[in-house]
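Have a look at it first, then read on for the points to find in it.

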Amino acid sequence: MSRRRAQLLAPNKDDSPERLSTPEQSNTIHIFPLVPARDTVVFPRLISPITAGRERSVRAIEEAMLRDQKVVVFAQRDPELQEPGMDDLYTIGAVLSIGRMLRMPDGTTSVLGQGEARARLLEIVQTDPFVKVRVEEIAETRDDSVETQALCRMALAQFEKIVRLNSNLPEEVYVAAMNAAGAGALADLIASSLNLELAKRQEILETLDGIERLNLISRLLANELQVLELQSQIHNQVQEEVDKNQREYYLREQMRVIQHELGEMDAQAREVHDLRAKIAAAEMPEEARAKAEHELERIQQTPFGSPELGIIRTYLDWLIQLPWKHASKDNLDIAAAAKLLDEQHYGLKRAKERILEYMAVRKLAASKMSSPVLCFVGPPGTGKTSMGRSIAQALGRNFVRVSLGGIRDEAEIRGHRRTYIGAMPGRIIQTIKRAKAVNPVFMLDEIDKVGADFRGDPSSALLEVLDPEQNNAFSDHYLEVPYDLSKIVFITTANLLDPIPPALLDRMEVIEFPGYIEEEKLAIAKQFIIPRQLEQHGLAGKPKFSDAALRGLIRDYSYEAGVRNLEREIAQVCRKIARHVAEGKPTPATVTKESLNKYLGPAKFIYGMKEDQDQIGVATGLAVTGAGGDTMAIEVTLMPGKGSLLLTGQLGDVMQESAQAALSYARTNAKQLALRSDFDKLDIHIHVPEGAIPKDGPSAGITIATALISALSQRAIHKDVGFTGEITLRGRVLPIGGVREKILAAHRAGLKTLIMPKKNKKDLVDLPRKVQRNLNLVLVENMDEVLPVALTGKNAAPKTARRPKPAPRVAAAR
């Protein structure tokens, strides 16, 4: 600030200490032209610029210039008001002595004046052509006590620190503050220098006592000082970091120049050179190569140490490490492949044939065929995943597997876009990188357990992966270049087909893995499970397992469609024997059925068996569970009542409707079937035992109808006959599902005859010959064909069944 500026800020001669210290001085009343200020507060003894644009304000200034060059300035409460009244102005303002007036090009008038004294607004005495107000000029007193001097010194110390920290405040302001006369003058000077809100400035102006005003200023200075110190600290930290980066950049540039002079390459140049060589060796398609070259140029232009450098390098590593053309050589020896599949898996004829057919066509027309997309569907433990490994081994390809169970984010399949921190390719690209070949056998496990939520639907992303017409240009969000998946043999696995979306299911060739029958489990245990478990437990080929012991393990200790629990039970037996061997105790040479109770405890499951004798109102039905097929007794009893039908046994809606249809058929044909006709006086109770297990499905229709007709005609049902089939109101027998499992369950239960729909004859192709020889299959189309086979020719009294009560088993919907 110039010397003239310092002089203007110094105390006036009129404000000499002698005048301010006169305690008897009183306030005086004056009339002055009014200049309302929108955003300005004028303090006494200080120079303040005022800009006037309103006509009345300009005329007030002109009138003052013609007279004593004094106006009174009051701040507006609302700066937006164009013509403020008395209530729109603050009551305390200041008398301003105009020193200079300039007319500006935009029509406004700029005034530079010095505040003289505080003034209190009393009334408006004139409004046109300008406003005149009557004010009371407020005289100030000065206190030179020791406490006041201490307060002034503290305020000056705080203000000095603020001036040093705030670059917008010149040093001359502090010099003027040092020369301020009294606490009030010091407070006014500091208030005018700080960047305060209008309301806070007005509050200081309205604080008439100088000591109190300086106390208020001290509190404001403390807060401002704290903010400035924190701001300075942050600025210093940022500056240090910038200086450090600049220093590092300068040193690297020096190193680069020195290395260039010595003919050496810096680290970044060597990295770019290595990446360019790897890109050339990766055999990328043209589009991928162009993308890689573009990213390589970005590395050259990015400063060393930039975070972006690591992101680009990671992306290039993915492009380089992916197998773009490298393929493993196929083994097309069909005979050797068939032998390998038979050695590693028992049964599963259809899956083996499909792979051998693929190998044959590949051998004849490799360039014209597309890779298959297979879907293995079956209960847990039936060999779906292990069959995929065997297929890869038979083809001579790498095997990779991805579990889709529980995936709910589409990005798991397609990857994340590179705009996100920590972005990566999807599971498909990650797994192909791990396979190190473009033609692996790729297993997508548990495809029926894929979910969907707000993050997207992974099943929709799989449509492109598993479509042979589209997957030759699969788009991963991270790679941003197409990748060819058409050479991959995709194998998906599922336990159920219902959860799979139809569009996705349509892209796959479904191969069913049915549950193993008892003979198949027996063969698998002998050929695979027992040798493997004996080797793992160090038993060196002994002991032997008798066929009766294996059948006991299958029937009484494992209730499943696959063989996982069977293997666990065999492993438990081996552990017991291994402990005896380790302790030096004698061990049996053969595990018999009688010894199972010693090794495994009591039987865990009891399969349904046929009834002990012919009974009235009791028919043996068949059902499919998660562990295969099983028998299901259906009981009907009659009692006096009002013609109601009671259904128990936790039956589902479909099964309840089957019972209603069976009853309607019996009532409609009561005369032809020689049944009781007093239905309105009978209550009929239909019950399916094992009530804790939910049951549903239409295949119990003819079983319920036969049991009803038996109870109403008092004719017993043959104990050796089983039933399955849906019934209509006209008595037609419709086809059902799960035929293979139901027939095997009937054979295991000891039934001699099985009545089933004629339209299910096509499902008997894969039935084992032993079962066909031991079971009389009666194929029917109408209930008229069922009753002669099912019912005895004589009446018999109903008797209580002597079946043992089954132990609790793993519940599954029937």
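Start with Asp188, which you'll find in helix α6 (residues 182-193). With a relative accessibility of 1%, Asp188 counts as buried. Keep in mind that you're looking at a predicted model, so confidence gets its own group of points below.

**Around Asp188 and Arg45**

- Setting aside neighbours within four places in sequence, Asp188 is in contact with Phe43, Pro44, Arg45, Leu46, Arg118, Glu140 and Arg213.
- One of those contacts, Arg45, sits in the loop between β1 (28-37) and β2 (47-52).
- Arg45 has a phi near 70°, a positive value in a residue other than glycine.
- Is Arg45 buried or exposed? Arg45 is buried, because its relative accessible area is 9% and the cut-off for buried is under 20%.

- Strand β3 (residues 70-75) and strand β4 (residues 92-103) run antiparallel and are joined by four bridges.
- To spot that pairing, look for Val71, which stands opposite Leu96 in β4.
- β4 also pairs with β5, again in the antiparallel sense, over 11 bridges.
- Follow the chain past β5 (109-126) and you get to the loop between β5 and β6 (132-138), where Pro129 is found.
- The peptide bond leading from Asp128 to Pro129 is cis, with omega near -5°.

**A kinked helix, α19**

- Helix α19 (residues 518-536) has a kink of about 45°, centred on Ala525.
- Ala525 is buried, and so are other residues of α19, including Leu522, Ile524, Phe528, Ile529 and Leu534.
- The buried set also includes Glu518, Glu520, Lys521 and Gln533.
- What do the buried residues of α19 pack against? Their partners are α12 (334-344), β14 (544-545), α20 (547-556), α21 (564-582) and α25 (739-749).
- Just after α19 comes Gly538, with a positive phi of about 65°.

**The seven-stranded sheet**

- Seven strands make up an open sheet with mixed pairing, in the order β18-β19-β17-β16-β21-β24-β25.
- β18 and β25 (776-780) are the edge strands, each pairing on one side only.
- From one strand to the next, the twist averages 30°.
- Helix α23 packs on this sheet and touches β17 (628-640), β18 and β19, with its direction at about 145° to that of β18.
- Helix α24 (residues 701-713) packs on the sheet too, touching β16 (618-625), β17, β19, β21 (721-723) and β24 (753-757).
- The direction of α24 makes about 30° with that of β17.

**The β18 end of the sheet**

- Strand β18 (residues 645-648) runs parallel to strand β19 (residues 682-687), and four bridges join them.
- Within this pair, Leu646 stands opposite His685 in β19.
- Which hand does the crossover from β18 to β19 have? The chain passes through helix α23 (residues 653-668) on the way, and this β-α-β crossover is left-handed.
- On the loop between β18 and α23 you'll find Gln650.
- Gln650 has a positive phi of about 55°, although it isn't a glycine.
- Gln650 is partly exposed, with a relative accessible area of 43%.

**How confident is the prediction?**

- Across the chain, pLDDT averages 83, and 92% of the residues score at least 70.
- Among the elements of the chain, helix α2 (residues 17-20) has the lowest mean pLDDT, 32, while strand β23 (residues 733-734) has the highest, 94.
- Over residues 1-25 the pLDDT is below 50, and this stretch has 25 contacts in the model beyond near neighbours in sequence.
- Residues 795-814 also stay under 50, and the model gives them 57 contacts beyond four places in sequence.

Notes
Residues are numbered from 1 along each chain as its sequence is written. This is a predicted model: local features need pLDDT of at least 70, side-chain atom pairs count only at pLDDT 80 or more; totals for chains, interfaces and linings use all residues. Side-chain values use heavy atoms; hydrogens and water are left out. Two strands pair if DSSP finds at least two bridges between them. Helices (H or I, at least four residues) and strands (E, at least two) are DSSP runs, numbered from the N terminus. A crossover is right-handed if, with the strands pointing away from the viewer, the path from the first strand over the helix to the second runs clockwise. Axes are lines fitted to C-alpha atoms, for helices over the stretch in contact, and angles run from 0 to 180 degrees between N-to-C directions. Contact means heavy atoms within 4.5 Å. The bend at a residue is the angle between axes fitted to the seven residues ending there and the seven starting there. Buried means under 20% relative accessible area, exposed over 50%, partly exposed in between (1.4 Å probe, protein chains only). pLDDT is the predictor's confidence in each residue, from 0 to 100.
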